[in-house]
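Student: I have a sequence and a structure open side by side. Can you show me how to read them, feature by feature?

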Amino acid sequence: MTTTTQRNEPALLPGDFAIWIFIFAELLVFGVFFLIYAVVRIQNLEMFNHYQLTLNREFGAANTLLLITASYFVVRAVHAIREGQVRNCQFWLYAALGCGGGFLALKSLEFHEKFSAGIGLGTNTFYMFYLSLTAFHFLHVILGMIILLAVAIKARLGYYSAAEHTGVETGASYWHMVDLVWIILFPLVYIIR
Amino acid sequence: MNRIFNIHAIWLIMLGLTLSTYAMGKFGLGGIGVVAFLLFTSIIKGSFIIHDFMELRGVSLLWRAIMHGWLWIICLTIFTTYVIGR
C-alpha cells in the first residue's frame with residue numbers, strides 16, 4: 001500500500017499580485033469615504049433625506065444592472081481564454097466595455113442634469129458627497145474600461161492563451177472591484193433613508 | 001458546465017436583488033427592517049462578486065478575510081450609524 005500525502009494548498013490570487021495591492025488600497029479609500037458619508041448623514045439627516053429624493057433612482061438602478069452585467073461578461077471572457085477561445089474572450093470583453101459605456105453615458109446625463117440645475121460641490125453637504133463619491137467612482141469606471149480595452153487589444157494580438165492569461169485575470173479583478181464598490185454606493189446614496 | 005450555469009444563476013440573482021433594492025427606494029420604504037434588508041442584499045451581492053466573480057473562493061483565508069471583512073465592516077457600520085441617527 002502506498003501512502004500519498006495530499007495537501008490542498010490555497011490557490012493564488014488571480015492575476016498579477018500587484019493589482020491586488022492596488023485593489024486593497026482602493027477599497028480602503030472608498031471604505032473611508034462611505035463611513036464618513038454615513039456619519040455625516042446622521043448630523044444632517046433631514047437634509048440628506050430631502051435631497052436624496054432629487055436623485056434619479058432609475059439611472060442609479062440601471063447603472064447597477066449595467067455594472068453587474070459587465071462583470072458577468074468579464075467572467076465569461078476569463079472562462080473563454082482559459083479554454084483557449086481568444087475570439088470569444090475578445091467578444092465578452094467588448095460586451096463588457098459596451099456596458100461600461102452605457103454606465104458612463106447614464107452617469108454623464110445625471111451629472112449634466114445636476115450641473116444644469118446649478119448644483120455643484122458647494123451647494124450643500126449632501127451634494128458635495130453625492131458628486132464627489134460618484135465622480136470618484138466614475139473615474140474608476142473609466143480606468144477599468146481603459147484596462148479592459150488594453151486587455152482586449154492584447155488578446156487580439158495573440159498575447160493570451162489557455163496557458164498564459166494573467167493579464168486577462170488582472171484586468172478582470174480590477175473591474176470586479178469597481179463593481180463591488182458600486183454595490184455599496186448605490187443603496188447608500190440613492191436608496192437608504 | 002456546472003460552473004458556467006452557476007455564473008448565469010449568480011448574475012440573474014444579482015439582477016433580481018438590484019431590482020428589489022430599486023423597488024424599495026421607488027416605494028419610499030424606510031425603517032430599520034428595510035435598511036437591514038438592503039444592506040443584507042448588498043452583502044449577498046458583494047459576496048458573489050468576491051467569491052465567484054473575483055474567484056477568491058479557493059485562495060488563502062487572509063485574502064478572503066480582507067475582502068469579506070471590508071464588505072461586512074462597511075455594511076455593519078452603515079447600519080449602526082442608521083440606527084443611531086433615528
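Tutor: Start with contacts in chain A: of those with a separation of 6 or more, 80% join residues 24 or more positions apart. Two residues are in contact if their C-beta atoms, placed from the backbone, lie within 7 Å.

Student: What should I know about the model and its numbering?

Tutor: This is a predicted model: local features need pLDDT of at least 70, side-chain atom pairs count only at pLDDT 80 or more, and totals for chains, interfaces and linings use all residues. Residues are numbered from 1 along each chain as its sequence is written, while chains are lettered from A and ligands numbered from 1 in the order in which they are written.

Student: How many helices and strands does chain A have?

Tutor: Both are DSSP runs, numbered from the N terminus: helices are H or I with at least four residues, strands are E with at least two. Chain A has 6 helices and 0 strands. Its pattern along the sequence is α-α-α-α-α-α. The C-alpha trace spans about 70 × 40 × 25 Å along its principal axes.

Student: What share of chain A counts as buried?

Tutor: Count neighbours. A residue is buried if 20 or more other C-beta atoms lie within 10 Å of its own, exposed if 12 or fewer, and partly exposed in between; again, C-beta atoms are placed from the backbone. In chain A, 41% of the 193 residues count as buried. H3(A) is mostly covered, with 19 of its 26 residues buried.

Student: How far does H3(A) reach?

Tutor: The expected span of a helix is 1.5 Å times one less than its number of residues. H3(A) reaches 38 Å from its first C-alpha to its last, close to the 38 Å expected. After H3(A) comes Gly84(A), with a positive phi near 80 degrees.

Student: Which residue other than glycine has a positive phi?

Tutor: Look at Glu55(B), with phi near 60 degrees. Glu55(B) sits in the loop between H2 and helix H3 (61-85) of chain B. Glu55(B) is partly exposed, because 19 other C-beta atoms lie within 10 Å.

Student: How do I describe two packed helices?

Tutor: Use the angle between their axes and the distance between the axes. Axes are lines fitted to C-alpha atoms, for helices over the stretch in contact, and angles run from 0 to 180 degrees between N-to-C directions. Under 35 degrees counts as roughly parallel, over 145 as roughly antiparallel, 65 to 115 as roughly perpendicular and the rest as oblique.

Student: At what angle do H2 and H5 of chain A pack?

Tutor: Helix H2 (residues 45-52) and helix H5 (residues 125-156) of chain A pack at about 55 degrees, with axes 9 Å apart. H2(A) and H5(A) are therefore oblique to each other. Met47(A), Phe48(A) and Tyr51(A) in H2(A) meet Thr125(A), Phe126(A) and Tyr127(A) in H5(A).

Student: Where does chain A touch chain B?

Tutor: There, 36 residues of chain A are in contact with 34 residues of chain B. The largest share of the chain A side, 10 residues, comes from H6(A).

Student: How does H6(A) lie against H2(B)?

Tutor: The axes of H6(A) and helix H2 (residues 32-53) of chain B come within 9 Å and cross at roughly 175 degrees. H6(A) and H2(B) are therefore roughly antiparallel to each other. Among the residues making the contact are Leu180(A) and Ile184(A) of H6(A), and Leu38(B) and Ile49(B) of H2(B).
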